[in-house]
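Reader: Hi! I'm new to this one, could you walk me through it?

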Amino acid sequence: MRNIPGVVAIIPVLLIGFIFLLAPGCQKTAIQYGEQYVGNGVTNIILVDSISPAVSTIYKDSVITSQSNGLLVGSYSDNYFGKTSAAAYLQLAPPLLSDILNNAQYDSLALLLKCNGLYYGDTTAPITISVNQLGQELKFAENQVYFYNTSSFPINTAWGSRTLQLRPLNGDSANIRLNDNKGLELYNMIKTKSPVLQDNVLFTDYLKGLYISGAGNNNIYGFKDSAVVRLYYHQTDITRDNKFFDFTFSNKPLQFNHITADRTGTPLNGLNTQNNELLSTAAANTGYLQSATGIYLKISFPSIRKLLERSDFVKILKADLIIKPLSGSYSALYPLPPVLYATSTDGANEPGTPITSAASGAATTETGNLYLDAIYGAGTNYSYDVTAYLQQQLANAAINKDGLLLLPPAETRFSSLNRLVVGDAQNVKNKLQLNVYYISVSK
């Protein structure tokens with residue numbers, strides 16, 4: 001058997017048909033090829049695991065956080081990503097008016113929020129949620145159709161706050177008692193059927209919107225965007241009758257989350273608009289992902305064309321990319337993204353089309369197939385079939401900055417703070433691995 005640098009397995013091929021490779025973990029991988037590769041020489045399938053992908057962290061100074069289907073509220077700190085804070089902006093619509101009895105009396109005003117299951121940080125600690133009225137109407141600038149994590153509007157009167165503990169996975173509600181002076185003002189407008197409550201333009205000029213924030217307890221929660229400000233009152237006919245009017249969530253395109261990050265003291269501290277790519281070799285052989293704060297993870301394959309320098313190389317038959325989260329970088333408090341698409345990109349580092357693999361003759365989008373090793377943790381990984389992508393890269397002779405961005409699906413990309421920290425091929429704790437099987441013909 002020949003000694004080939006970087007080759008960990010050479011499997012001779014004697015018959016045309018299916019070859020089964022005994023992979024780690026005693027899994028069998030079926031590989032089929034045609035007789036065009038079997039000639040007068042010896043045909044083998046070679047496994048190479050010495051091609052090291054390049055890993056880098058990409059910084060985006062702003063990402064779209066409007067129309068994200070959820071409100072993010074709170075703050076947390078950790079050693080990998082620093083201090084992150086999130087607050088939500090939204091508009092309300094006036095209630096549907098109806099007659100109330102003369103003996104009706106105002107009771108209270110409250111903001112009703114419902115957990116959507118997303119969280120980040122310590123859910124056993126309480127969170128203090130504050131509500132403020134905006135000093136300026138939520139409105140797009142000319143030619144603008146989105147708000148971003150960096151967008152903001154002036155904040156005006158404080159309406160109220162509450163400290164409470166939430167269980168996000170149980171769908172808990174956060175009900176925050178608001179200022180009674182504002183409640184009485186709104187109640188009197190309802191009772192007199194004020195024209196302001198019967199015209200959306202007048203109402204938005206009167207109540208420009210709400211700012212909902214949370215601070216100081218090392219947790220961030222996601223809430224449904226069906227927030228309601230409820231005005232409670234009662235009236236008496238024969239018995240006491242408790243009633244309410246709802247100021248409902250309105251104008252969904254204008255709702256957005258303002259997210260800030262202070263990365264002082266972390267490996268990401270040097271990232272900015274001028275220095276927007278951090279190579280893993282300059283960050284202790286580590287790469288980072290947290291898309292809602294503008295941190296993307298890029299994996300590229302600059303040395304893949306070295307396969308063409310092998311005299312025996314014919315074709316890439318299969319290629320698997322295995323990515324292991326860094327030990328200790330994730331937990332129940334800081335969960336991993338459950339789905340990560342590998343999207344093609346270039347030197348501009350903008351997300352392109354998710355890569356696919358061929359399964360049963362159909363194209364299947366690669367989602368990472370997250371496996372959680374609940375016992376030891378060391379086996380936790382994302383895996384991708386990058387066969388078609390690397391075959392394409394082999395055919396591209398141009399010097400390029402192509403690669404793959406790992407990103408959550410578009411619907412959760414900027415509404416969840418789940419993060420990923422990975423080691424590159426030189427990381428001593430957890431390293432990513434690229435396994436390339438190619439067909440070899442030796443004379």
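Predicted model: local features only at pLDDT ≥ 70, side-chain atom pairs only at ≥ 80, totals over all residues.

Reader: Thanks! What is the mean pLDDT of the protein chain?

Author: The mean is 89, and 90% of the residues reach 70 or more. pLDDT is the predictor's confidence in each residue, from 0 to 100. Over residues 1-5 the pLDDT is below 50, and that stretch has 10 contacts in the model beyond near neighbours in sequence. A contact here means heavy atoms within 4.5 Å.

Reader: Where else does pLDDT stay under 50?

Author: Over residues 13-39, for which the model has 44 contacts beyond four places in sequence.

Reader: Okay, new topic. Which residues of helix α3 are buried?

Author: In α3, residues 387-394, the buried ones are Thr387, Tyr389, Leu390, Gln393 and Leu394. They lie on the same side of α3 because they cover an arc of only 165° around the axis. That arc is taken from the directions from the helix axis to the C-beta atoms. Buried means under 20% relative accessible area, exposed means over 50%, and partly exposed is in between, using a 1.4 Å probe and protein chains only. Helices (H or I, at least four residues) and strands (E, at least two) are DSSP runs, numbered from the N terminus.

Reader: And what do the buried residues of α3 pack against?

Author: They pack against β20 (313-323), β21 (341-345), β24 (382-385), β25 and β27 (433-442).

Reader: Let's look at Arg413. Where is it found?

Author: Arg413 is in the loop between β25 (403-407) and β26 (420-423).

Reader: Is Arg413 buried or exposed, and what is the nearest side chain of opposite charge?

Author: Arg413 is buried yet has no salt bridge, and the nearest side chain of opposite charge, Glu411, is 7.2 Å away. A salt bridge is a side-chain nitrogen of Lys or Arg within 4 Å of a carboxyl oxygen of Asp or Glu. For charge, Lys and Arg count as positive and Asp and Glu as negative; His and the chain ends are not counted.

Reader: Which backbone oxygen does the side chain of Arg413 reach, then?

Author: The one of Pro408, at 2.9 Å. Leaving out residues up to four places away in sequence, Arg413 touches Ser291, Ala292, Pro351, Leu407 and Pro408.

Reader: Nice. What about Ser329, is it buried or exposed?

Author: Ser329 is buried, with a relative accessible area of 1%. Ser329 is found in the loop between β20 and β21, and touches Tyr80, Arg419 and Val421, not counting residues up to four places away in sequence.

Reader: One last thing: what is the phi of Asn251?

Author: Phi of Asn251 is near 55°, a positive value in a residue other than glycine. Most residues other than glycine have a negative phi. Asn251 is in the loop between β15 (240-250) and β16 (256-262), and counts as partly exposed at 38% relative accessibility.

Reader: And Ala284, what is its phi?

Author: Ala284 has a positive phi of about 55°, although it is not a glycine. Ala284 sits in the loop between β17 (277-279) and β18 (286-289), and is exposed, with a relative accessible area of 62%.

Conventions: Residues numbered from 1 in each chain as written. Heavy atoms only, no water. Polar contact = N/O pair within 3.5 Å; in protein donor to acceptor, adjacent residues only side chain to side chain.
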